[in-house]
Amino acid sequence: MNTHMPLFDTYKRAPLTVERGEGVWLHDVAGAAYLDFGSGIAVNALGHAHPHLVEALTEQAKKLWHTSNLYEIPGQTRLADRLCEATFADRVFFANSGAEAIECAIKTARRYFHVRGEPGRVDIITFEGAFHGRTLATIAAGGQAKYLEGFGPKAPGFVQVPFADIEAARAAVTETTAAILIEPIQGEGGIRVVSEQTLRELRALCDEHGLLLIFDEIQCGMGRTGRLFAHEHAGVTPDIMASAKALGGGFPVGACLATEDAASGMVPGVHGTTYGGNPLAMAVGNAVLDVMLADGFLETVERRALRLKQGLHGLVDQFPDVFTEVRGTGLMAGLQCALPNTQVVAALFDGHMLVVPAGDNVIRILPPLIATDAEIAEGISRLEAAARGLSASHAA
Ligand SMILES: *Cc1c(COP(=O)(O)O)cnc(C)c1O
């Protein structure tokens, strides 16, 4: 027997060997089908193997894969144009991942003050429970001990305050503060929604002190809440925003969006990437936008989300010894559990349904945005079956 394990031992994986996907279904190598309501952690927003994305990628693959950013890439300019058209932004930098998009956001904020002759303004205020990625700077921004431990000194320049605590944020502002960085809905932290009121107060606080407001919409953005970006519900805009995950629908891509003013320090030579904005990624990103910006798509997400939410509330009423609370906005939903969430994830897995655990003892329910009413109903029924089993064994 070959006991050699060639991979870094960094993941505790479920016993599922994946082979292919179609829509909301993920198939393993033995042919079993799993209802995928984790969507690769909010990445496969258009499900698996969406025909429009498959076509865009294969057509681009026949033409051109990679050139570096030494030359103009038409797909990159087009995707940036469309993102700017659809948002607050005037400028976009493309990266390969969420963490890189946040790194770019941090660098953009610091450079903004540097070129204004205020190089001492480097600190970024973040919130407890945040997740901004796994690079050395983004684990410092997230501030979670479990991700920082053992990796040496924490990168300086991040100040953390309690979740969505506007008074604590106000008290943390000093002459070295550059920006406030927040997820409008914490994903990893447990589907914790920042109230629209708090987002508006953060905007006002930034305006009052000349700070930049940075939204991390890597998980909550790109249609998941029924708007293209979650902050639109609050009627405020950031100065800088990170996007990734669903932007590529499964192809690795990240983007840092900014206003003209906020991006003013990002001049030739100060930042770059080999692969970011690569023609393959841009072809897929444009194809994702084709679908999401089509008439009625986001309205349909909102309608489906209502059905999901009704179903989840029903489960909390029916099984209060399993589920204690429904969280989230749109198709970014969470159930707080009365049992350890890992036990609930495992029971669902046995029922061939995939969800994602999160902080605060929550399971994340992140169906592809293309899930039909019938598929949402199938998800609710599998959740109900799992809850029934757990409730019985709980009571016994
Ligand atoms: C996933 C995620 C990141 C990091 O993205 P990677 O692509 O894994 O680097 C950052 N912020 C949020 C809110 C995320 O959900």
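**A first look: the sheet and the ligand site**

An open sheet of 4 strands has the order 13-14-17-16, with antiparallel pairing. Its edge strands, strand 13 (323-329) and strand 16 (356-358), each pair on one side only. This is a predicted model, in which local features need pLDDT of at least 70, side-chain atom pairs count only at pLDDT 80 or more, and totals for chains, interfaces and linings use all residues. Residues are numbered from 1 along each chain as its sequence is written, and side-chain values use heavy atoms, leaving out hydrogens and water.

**The sheet**
- Strands here are DSSP runs (E, at least two residues), numbered from the N terminus, and two of them pair if DSSP finds at least two bridges between them.
- Strand 14 (residues 332-337) and strand 17 (residues 362-365) run antiparallel and are joined by 4 bridges.
- Gly334 has Arg364 in strand 17 as its bridge partner.

**The ligand**
- Which residues are around the ligand? They are Ser97, Gly98, Ala99, Phe131, His132, Gly133, Glu183, Asp216, Ile218, Gln219 and Lys245, each with a heavy atom within 4 Å of the ligand.
- An oxygen atom of the ligand lies 2.7 Å from a backbone N or O atom of Ala99.
- In the side chain of Asp216, an N or O atom is 2.7 Å from a nitrogen atom of the ligand.
- The side chain of Lys245 has an N or O atom 2.6 Å from an oxygen atom of the ligand.
- Of the 380 Å² of accessible area that the ligand has on its own, the protein covers 81% (Shrake-Rupley method, 1.4 Å probe).

Note on methods. A polar contact is a pair of N or O atoms within 3.5 Å; within protein, one must be able to donate a hydrogen and the other to accept it, and residues adjacent in sequence count only if both atoms are side-chain atoms.
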